[in-house]
Structure formats: structure tokens, C-alpha cells
Amino acid sequence: MLLENRFKDFIIANQMLASGEHVVVAVSGGPDSVALLSLLNGLRDEWCLTLHVVHFDHGLRGTESDADAVFVQNLCQDLAIPCIVKRLAMNGIDRRSQGSSLQEYARNMRYHELACLAKELNADKIAVGHTADDQVETMIMWMVRGAGTKGLCGIPPVRSPHIIRPLLSTSRAELLAYLQVQKLSYRMDSSNDKPIYVRNRIRHEVLPILKQYNPNLIKAVARQADVVRTEDRYLDQLAREALLQVQVSNAGSQLALHRMRLLNLPLAIQRRVLRMVIREVSGSGTMTGFETIETALKYIMTAQSGSSADLNGVSIIREYDQIHICSIQAKLTTPPMMKHMIVPSQVVWPLTGQTMDVSTELSSSQDVANERNVSQVRFDANTGRSSFKLRNWNAGDH
């Protein structure tokens with residue numbers, strides 16, 4: 001099948017584009033993005049698409065970067081497609097304070113600017129040129145880090161709400177062959193050959209060795225990513241359903257879970273439920289690591305009522321048979337829970353939903369000594385108290 005047909009089928013199968021949509025296309029000038037622009041341009045009339053190209057210049061390669069920008073502008077002029085060149089200077093930025101590598105920080109800058117430009121242009125989608133080769137490189141990087149199924153899913157074809165990757169099932173070799181047939185030139189980024197970046201070492205050192213064992217490695221691993229992604233989505237669906245069963249309350253910045261219902265779930269679902277909850281209450285877009293989830297589970301299994309633990313931007317508090325998970329900021333601003341109980345009265349404790357009756361009755365000392373009822377506590381009415389304060393656990397309580 002022609003590459004153009006497979007490209008179109010992949011877009012339809014993943015519901016990436018609809019007729020009449022406005023698409024911002026990120027074009028670096030390299031073979032992948034040039035092929036992406038050419039293929040989308042081939043669909044422009046048939047699908048009534050509006051295309052708008054954006055090229056980013058980080059100013060890191062001097063005259064080479066300038067030549068890339070000129071190349072993209074000339075290409076867009078030939079195709080009659082509007083082009084924006086955006087300067088994203090990185091000189092003087094302390095990337096260590098951002099907790100990321102040079103490439104990662106530059107990528108995050110580009111995505112942020114793409115989102116801003118798409119909003120400004122009132123565009124429906126943002127198309128980027130990730131290929132099947134990028135997919136395999138990403139999966140190997142995550143595998144080396146010991147990632148679970150989330151990491152082994154690789155790069156998703158569609159990232160909510162607007163990012164689409166129409167070339168994700170196409171190998172770089174196929175794109176180079178396509179460009180040759182179409183007589184389209186492209187630019188090569190010299191930084192892609194530098195061994196200082198992990199991805200480059202995987203591309204130039206690891207993949208050639210693996211291809212000796214399987215010449216169709218790119219297709220095979222890309223297919224594996226598709227399988228893992230489908231199964232991961234199903235597990236997420238099970239976890240969302242399980243969360244509804246174990247969730248007691250949800251106040252946005254604080255969420256309460258029934259402890260034993262959570263611990264009775266399969267371990268794989270326990271982990272996913274906790275990951276979902278922590279991500280929700282912390283407001284973080286990053287994925288919570290394995291060690292954090294295991295620490296949280298161990299705490300939930302062993303912690304005494306009234307204790308709390310802070311990790312990864314959230315606080316986990318055990319209150320009787322419930323686990324409260326909230327952002328640390330919400331914990332700092334939440335006053336202690338307290339209820340006044342007069343004699344006689346009936347009070348519902350909001351943290352557990354338990355109803356508590358306070359009453360007086362005549363009892364002998366022997367009756368009290370013989371009683372072994374865990375749901376009832378007796379106090380001496382002769383102390384003269386007519387009211388009590390019922391509060392949640394504090395550090396040091398028994």
C-alpha cells in the first residue's frame with residue numbers, strides 16, 4: 001500500500017482529524033517534519049484542511065539554525081502555507097533548576113508555545129512528526145529506567161486535547177524513501193549525532209545491534225507499544241471503576257478512600273487507584289513513580305489511625321477505617337475536625353459516617369468491669385460533665 005494511503009488510514013483509525021479543521025504543523029526542517037507537512041498538504045483539498053506551519057529556533061546552532069528557518073520559510077512559500085518562525089532563546093537559562101536536560105527543556109518550551117499559538121490562531125489540532133523510530137527509542141529509554149506499562153506504552157498517537165502524531169506508525173526509512181520519490185529536500189540537525197544525549201546513543205549504538213536479531217525491529221516494537229497501550233487503557237478503566245467503589249468522598253483537594261476496600265483490590269489496581277488519586281489531589285501532570293506508590297501502599301497497610309505521611313506533594317492520613325489523601329497545601333490550611341456532644345445527644349462523625357449516641361444510665365462497677373463491647377465506652381457521670389468535645393486524632397494520642 002502506498003505511504004499516502006497508510007498515512008490517511010492511520011489518521012482515520014485514530015480519529016485524529018475531521019474535515020474542515022485548522023491544523024498547526026510543527027516543522028523543524030528535518031526529514032520527518034518535511035514529510036509530515038507534504039503528506040498533510042496532500043490531504044488539504046480533499047479534507048478542506050487549513051494548515052499553518054510553526055518553526056522554532058532555539059538559537060543553539062548559530063548559522064545552522066538560521067539556515068533551517070530560511071529553508072522552512074521557502075518550503076512553506078512553495079506550498080502556499082502560512083509560516084511563523086518563533087525564536088525560543090535558551091541562552092542564560094539554568095536548566096538544572098528546571099530539573100531537566102537540554103533537549104527535554106527545549107521540548108517542553110516548544111509544546112508550551114505550540115499550545116499558545118494554536119489558541120491564538122484558533123486551531124483545532126497540533127501535528128508533530130514523531131515516527132515509529134521515535135517510538136522505539138522512547139520505549140527503550142523507559143525500559144532502561146525500569147518503567148511499568150505506562151512507560152512501555154511509548155508515545156500515544158493522540159495526546160489530549162490537541163496533539164496528533166500522524167507518522168507514528170511510519171518508519172524513518174519509509175519517510176526518506178517517500179521524500180526521495182517526491183524530490184523533496186530537507187535539513188539535518190547536527191545535534192542528533194552528538195553522543196551526549198541518551199536518545200542519540202540508543203539510536204546510533206543500541207538499535208543497530210538489536211536490528212541484527214530482528215531486521216523488522218521498528219515495526220515489531222511499535223506494534224508492541226500499540227498492544228501495551230490498549231491493555232493499559234483497559235486497566236485504567238478497571239481502576240476508575242474500582243475508585244468509585246472505594247471512594248468515600250471527594251472534595252477536590254482532598255479525597256477519602258475506604259481502607260479495607262482499597263486493600264482488597266488486586267495489587268495492580270491498588271497501584272493505579274493510588275496513582276490516579278495522587279495525581280488528582282496534587283494537581284501534578286507528571287506520572288507518580290513506582291517507589292512513591294509502594295511507599296504509600298506500605299503506609300496504608302501498616303499506619304495507625306491518626307497518623308499521617310507526606311510524599312510527592314500530598315499528605316496521606318489514616319482516620320479509623322478511612323484513608324484521606326490531600327495536597328499538602330490543603331492539609332496546612334484545613335482546621336482540625338471537632339464536634340460538640342451534649343448529654344444526651346446523637347452525633348454523626350463526618351470522617352467515617354458513624355453515628356454516636358451519648359446517654360446516661362445506672363450501672364454498677366461490676367457491670368462495667370465485665371463488659372467487653374468495642375463499640376461502647378463508659379465514663380463516670382459523677383465527674384459532672386454535661387458535654388464533650390469529639391475531635392480527630394492528633395500526634396501523641398493513644
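Reader: Where is threonine 292 placed, and is threonine 292 buried or exposed?

Author: This is a predicted model, and in it threonine 292 sits in helix H12, which covers residues 290-302. Its relative accessible area is 18%. Buried means under 20%, so threonine 292 counts as buried. Leaving out residues up to four places away in sequence, threonine 292 touches Leu311 and Asn312.

Reader: Which core includes Leu311?

Author: Let's start with the general idea. In soluble globular proteins, nonpolar side chains tend to be buried together. Here the largest nonpolar core has 33 residues. Phe7, Ile11, Leu17, Val25, Leu37, Leu40 and Val53 have the most contacts inside this core. Two or more residues each come from helix H1 (3-13), strand S1 (22-26), helix H2 (31-43), strand S2 (50-57), helix H3 (63-79) and helix H7 (172-182). H2 gives the largest share, 7 residues. Apart from this core lies another, of 26 residues, and Leu311 is among them, along with Leu243, Leu262 and Ile278.

Reader: Which residues is valine 25 in contact with?

Author: Setting aside its neighbours within four places in sequence, valine 25 is in contact with Leu36, Leu37, Leu40, Leu51, His52, Val53, Val54 and Ala127.

Reader: How do I read a helix, for example H8?

Author: An α-helix has 3.6 residues a turn, so residues three or four places apart point the same way. Helix H8 runs over residues 198-213. At 1.5 Å a residue, its 16 residues should span 22 Å, and its end C-alpha atoms are 22 Å apart, so the two agree. H8 also bends by about 40 degrees at leucine 207, with proline 208 following within four residues.

Reader: Which residues of H8 are buried, and what do they pack against?

Author: The buried residues of H8 are Asn200, Ile202, Arg203 and Leu207. They pack against helix H5 (132-144), H7 and helix H9 (217-246).

Reader: How many aromatic pairs does a search of the whole structure find?

Author: A pair of aromatic rings is described by the distance of the centres and the angle of the planes. The search finds 1 pair. The rings of phenylalanine 379 and phenylalanine 388 have centres 5.9 Å apart and planes at 35 degrees, so this pair is tilted. Phenylalanine 379 is exposed, at 64% relative accessible area, while phenylalanine 388 counts as partly exposed at 30%.

Reader: What does serine 249 touch, and where is serine 249 found?

Author: Serine 249 is in strand S7, residues 247-250. At 36% relative accessibility, serine 249 counts as partly exposed. Not counting residues up to four places away in sequence, serine 249 touches Gln254, Leu255 and Ala256. Another way to read its place is by C-alpha separation: serine 249 and histidine 324 are 75 residues apart along the chain, and their C-alpha atoms are separated by 9.1 Å.

Reader: What does the chain as a whole come to in helices and strands?

Author: The chain has 14 helices and 15 strands. Of its 398 residues, 40% count as buried. Among contacts with a separation of 6 or more, residues 24 or more positions apart account for 64%. The chain exposes about 22800 Å², with carbon and sulfur atoms supplying 52% of it.

Technical notes. Residues numbered from 1 in each chain as written. Predicted model: local features only at pLDDT ≥ 70, side-chain atom pairs only at ≥ 80, totals over all residues. Heavy atoms only, no water. Buried < 20%, exposed > 50% of the residue type's maximum accessible area, 1.4 Å probe, protein only. Contact = heavy atoms within 4.5 Å. Areas by Shrake-Rupley, 256 points an atom, 1.4 Å probe, with all protein chains shown as cover. Core = buried A, V, L, I, M, F, W, Y, C linked by side-chain atoms within 4.5 Å. Expected span 1.5 Å × (residues − 1). Bend = angle between axes of the 7 residues up to and from the residue. Phe/Tyr/Trp six-rings, centres within 6.5 Å; stacked < 30°, edge-to-face > 60°.
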